[in-house]
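Here is my note on the model, point by point. Please read it with the structure open.

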Amino acid sequence: MVSIPDFRNGMSLLAGAVNVITTDGAAGLAGFTASAVCSVTDQPPTLLVCMNRSSFAHRFFVENRSICVNVLSATQQDLSALFANRDVTMEDRFAQVAWRPLSTGAPALQGALVNFDGVITHIHEVGSHSIFITELRDIRLPAESAQGLAYFNRAYHRLGEAQASA
């Protein structure tokens, strides 16, 4: 049997992109920080996003069914902390960042490496989490290349830094 501490320690060594996941709709505006996002298929373009069902924001995503995965750049570490802070209201989170809605109405954060806008088509419950299967409706790619932000070994790291030639 794998212990919870061993699982968590092992998972800390699985690097992941840092994302702010957002929604808006009849249930209201919400967002949270996540690294549990990955591609499912490109036909149709589909992502999966994992979210703890005990999160106060969970109901917003389930009810709205709109979702935007905002992949953060290396300069947006502060947004990761902001959207992970349970002491900051949703209104205050979104007041501190420039954003605009894409096709589904979900907020696309300005300055993100890429914004994946979609609709939740299926929800699967596994343990403490919901897995949102998300079919994309819109994508906003960066105008220029930028460095990415990853979370590894319980710390943030820049991705895409230029290597010195030997």
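1. Two terms come first. Buried means under 20% relative accessible area, exposed over 50%, and partly exposed in between, with a 1.4 Å probe and protein chains only. Helices (H or I, at least four residues) and strands (E, at least two) are DSSP runs, numbered from the N terminus.

2. Provenance. This is a predicted model: local features need pLDDT of at least 70, side-chain atom pairs count only at pLDDT 80 or more, and totals for chains, interfaces and linings use all residues. Residues are numbered from 1 along each chain as its sequence is written, and side-chain values use heavy atoms, with hydrogens and water left out.

3. Helix 1. This helix spans residues 4-11 and lies largely in the open, because the number buried among its eight residues is zero. Helix 1 also gives the most to the lining of the largest pocket: four residues.

4. The largest pocket. A pocket here is an open set of points on a 1 Å grid over the protein atoms alone, where a 1.4 Å probe fits, with protein on both sides within 12 Å along at least five of seven lines; lining residues have an atom within 4 Å of a point. The volume is about 1400 Å³, taken as the space filled by probe spheres set on the points. There are 35 lining residues, and Thr33, Ala34, Ser35, Ala36 and His129 are the closest to the centre. Elements that each supply at least two lining residues include strand 3 (30-34), strand 5 (45-52) and helix 3 (77-84).

5. Aromatic pairs. Rings of Phe, Tyr and Trp (its six-membered ring) pair if their centres lie within 6.5 Å; planes under 30 degrees apart count as stacked, over 60 as edge-to-face and the rest as tilted. The whole structure holds five such pairs. Phe32 and Phe61 are edge-to-face, because their planes sit at 85°, with ring centres 5.3 Å apart. Phe32 belongs to strand 3 and Phe61 to helix 2 (residues 58-64), so this pair ties together parts 29 residues apart in sequence.

6. Which residue stacks on Phe61? Phe132 does, at 6.2 Å centre to centre and 20° between the planes. Phe132 sits in strand 10 (residues 129-140), 71 residues from Phe61. Phe61 is buried at 0% relative accessibility; Phe132 is buried too, with a relative accessible area of 0%. Phe32, Phe61 and Phe132 form one aromatic cluster.

7. The sheet. Two strands pair if DSSP finds at least two bridges between them. Three strands make an open sheet in the order 1-11-12, with antiparallel pairing. Strand 11 and strand 12 share five bridges.
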